[in-house]
Amino acid sequence: MEEHLTFIGSVTAQLVRAVPVTLLILAVSGVCATALATGLTAMSVARSPLARLIQRTWTFLFRGTPLILQIFMIYYGFAMIPWIRHGMLWTAFRDPVFCTCLAMTCCCSAYIAEIFRGALAAVPRGEIEAGRACGMTGFMLLRRVIAPSLIRIALPSYSNEIIMMTKSTSLASTITVLDITGVAQQVIAHSYRTLEVFCAAAALYLLINAGLSALLAALERRLDVDRAVPSISVPPVVEPLS
Amino acid sequence: MTPPSPTVLTATNIRKSFGDREVLAGISLEAREGEVISILGGSGSGKSTFLRCLNLLEVPDEGQIAIGDVQAPLARNRHGRLEVSDGRAAARLRTQTAMVFQGFNLWPHLTVLQNVMEAPLRVHRRDRDEVLATARTLLERVGMAGFHAAYPKRLSGGQQQRVAIARALATNPKLVLFDEPTSALDPERVREVLALMRSLAEEGRTMIVVTHEMAFARDVSSRVVHLMNGRVESSGPPAQMFGPDASPAFRAFLSPAAL
């Protein structure tokens with residue numbers, strides 16, 4: 001029993017050292033995918049038919065194919081293209097962490113863009129009209145009226161997507177990245193103790209996601225104006241004026 | 001004799017179709033400063049669409065609109081359809097007006113005070129202290145002085161509409177458009193909103209009101225316009241419209257309410 005605990009302890013210590021790699025992939029692809037999704041959302045409502053077509057095609061391709069294939073295609077497939085293999089880009093494309101981030105950015109941007117698109121359609125028309133009626137246009141309308149509502153509507157689904165992304169980072173281990181899952185497999189290759197190692201790895205993912213969930217839930221609460229004001233004491237209704 | 005007050009709004013021959021359905025079949029309307037014009041008509045008579053054309057929330061298929069002496073930037077595109085030719089100019093035109101909606105349309109993420117301050121502060125870029133002072137005065141005026149920090153969701157419909165009216169007045173617009181402001185309210189709330197609108201009329205605000213409130217149209221407005229099938233069926237001062245010489249169509253429109 002004691003040997004058991006010592007083993008789990010030392011494995012956990014090894015796995016914890018891989019947490020930064022997992023978090024790095026998550027952070028980079030999370031930020032890039034969100035930024036790209038914002039652009040794609042704008043394209044989805046653009047006047048230009050070409051922009052709308054690009055957005056639809058992007059979503060179709062990256063949502064319709066497995067992420068692991070996208071990772072393989074970028075990491076193994078692009079190495080077969082001479083101008084990448086022998087060009088300036090090779091420094092980036094031979095790095096498995098970069099390839100994972102790129103694949104995840106493309107794939108998850110398609111999902112996040114769909115979340116944003118749905119939220120945009122759900123922003124009450126009246127709020128936007130009230131903005132236009134008082135003379136707001138373009139960026140001001142977006143920033144002052146549309147975005148605040150859009151973010152509040154999108155946040156629950158967006159949080160969900162981020163949690164999914166955390167788990168997807170484990171696919172990086174298939175192209176030699178030593179993230180939490182990668183290190184776990186390495187340890188198993190030496191020790192053959194599958195159950196303990198995978199349990200320890202799973203516990204770390206749980207911990208990361210628990211932290212993220214708490215963070216995102218706190219953000220959601222903060223933005224919920226109805227809860228942000230703790231039961232205001234409502235003054236008596238002033239009687240009709242005449 | 002006092003000279004006639006200046007014209008605030010000129011709308012000429014406004015036409016609008018949605019698909020095959022012609023909603024506005026050529027409506028003209030002129031509003032002088034201080035006038036309160038009630039637009040009445042059955043549902044589907046085009047009154048809301050007409051009102052929404054006046055601040056270009058709806059682009060008419062035909063016609064011209066001017067607020068004061070500023071012409072609405074409408075021009076034909078290469079397909080011959082009328083469209084807003086200059087978005088900024090359209091926005092500038094809208095800053096001269098304000099609109100009160102049936103569904104209030106307050107911004108839910110802003111407090112009552114922020115809702116009222118938003119347009120003068122961000123769109124008109126007026127001085128913050130000045131805007132704040134005006135907003136306070138207006139909120140007191142509409143009986144919402146104690147609610148500065150409240151969010152719209154917390155308020156009753158009548159309270160929301162009073163805030164929306166304060167928001168509309170915050171920029172000191174030349175013309176206030178009311179799109180069925182009491183239709184979403186229960187009878188008691190209707191009273192408080194109408195009382196407020198009456199007081200605005202009395203202080204000389206130029207208002208165009210699409211409404212189903214006959215008593216308001218009769219007692220408060222300076223002119224009543226009856227729309228039917230996308231046309232002005234009859235119009236005139238309330239004494240004439242509600243008197244014995246009223247057009248038969250308008251009387252027929254009124255009669256269910258009179259019963």
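Author: Happy to. Keep in mind that this is a predicted model. Let's start with a hairpin in chain B.

Reader: In which sense do strand 11 and strand 12 of chain B pair, and over how many bridges?

Author: Look at residues 223-228 of chain B, which form strand 11, and follow them alongside strand 12 of chain B. Leu227(B) faces Val232(B) of strand 12 there, and Met228(B) has Arg231(B) as its bridge partner. The pairing of strand 11 and strand 12 of chain B is antiparallel, over five bridges.

Reader: Which residue takes a positive phi in that hairpin of strand 11 and strand 12 of chain B?

Author: Go to the turn, where two residues lie between strand 11 and strand 12 of chain B. One has a positive phi near 50°, and that's Asn229(B).

Reader: What is the strand order of the open sheet of six strands in chain B?

Author: The pairing in this open sheet of chain B is mixed. As for the twist, it averages 20° from one strand to the next. Reading across the six strands of chain B, the order is 8-9-10-3-11-12.

Reader: Which strands of chain B does helix 5 lie across?

Author: Helix 5 of chain B covers residues 157-169. It runs at about 175° to strand 8 of chain B. The strands of chain B under it are strand 8 and strand 9 (175-179).

Reader: Are helix 3 and helix 5 of chain B roughly parallel or roughly antiparallel?

Author: The axes of helix 3 and helix 5 of chain B come within 7 Å and cross at roughly 25°. Angles under 35 degrees count as roughly parallel. So helix 3 and helix 5 of chain B are roughly parallel.

Reader: Which residues of helix 5 of chain B meet helix 3 of chain B?

Author: Helix 3 of chain B brings Val112(B), Asn115(B) and Val116(B) to this contact. By class, the contact of helix 3 with helix 5 of chain B has four nonpolar, one polar and one charged residues. From helix 5 of chain B come Val163(B), Ala166(B) and Arg167(B).

Reader: Zooming out, which element gives the largest share of the side of domain 1 of chain B that touches domain 2 of chain B?

Author: Domain 1 of chain B is 1-96 + 174-259, and domain 2 is 103-173. Their contact takes 12 residues from domain 1 of chain B and 13 residues from domain 2 of chain B. On the domain 1 side, strand 9 and helix 6 (187-202) of chain B each supply at least two residues. The largest share, four residues, comes from helix 6 of chain B.

Reader: And which element gives the largest share of the side of chain B that touches chain A?

Author: The contact between the chains takes 33 residues from chain B and 24 residues from chain A. Elements of chain B giving two or more residues are helix 2 (87-95), strand 8, helix 3 (112-123) and helix 6. The largest share on the chain B side, six residues, is from helix 2 of chain B.

Reader: Over in chain A, are helix 1 and helix 9 roughly parallel or roughly antiparallel?

Author: Helix 1 (residues 2-44) and helix 9 (residues 180-191) of chain A have axes that come within 7 Å and cross at roughly 150°. Angles over 145 degrees count as roughly antiparallel. Helix 1 and helix 9 of chain A are therefore roughly antiparallel.

Reader: How many charged residues does the contact of helix 1 with helix 9 of chain A have?

Author: Residues of helix 1 of chain A in this contact include Val11(A), Leu15(A) and Thr22(A), while Ile180(A) and Val187(A) are among those of helix 9 of chain A. By class, the contact of helix 1 with helix 9 of chain A has eight nonpolar and three polar residues, and the charged ones number none: no charged residues.

Reader: How do helix 1 and helix 8 of chain A stand to each other, and what is the angle?

Author: Helix 8 of chain A takes in residues 138-168, and its axis is 9 Å from that of helix 1 of chain A. Leu26(A), Ser29(A) and Gly30(A) of helix 1 meet Ile162(A), Met165(A) and Thr166(A) of helix 8 of chain A. The angle is about 140°, so helix 1 and helix 8 of chain A are oblique.

Notes. Residues numbered from 1 in each chain as written. Chains lettered and ligands numbered in written order. Predicted model: local features only at pLDDT ≥ 70, side-chain atom pairs only at ≥ 80, totals over all residues. Pairing = 2+ DSSP bridges. Axes fitted to C-alpha atoms, helices over the stretch in contact; angles between N-to-C directions. Contact = placed C-beta atoms within 7 Å. Domains from an automatic or database assignment. Parallel < 35°, antiparallel > 145°, perpendicular 65-115°, else oblique. Nonpolar A, V, L, I, M, F, W, Y, C, P; charged D, E, K, R; others polar.
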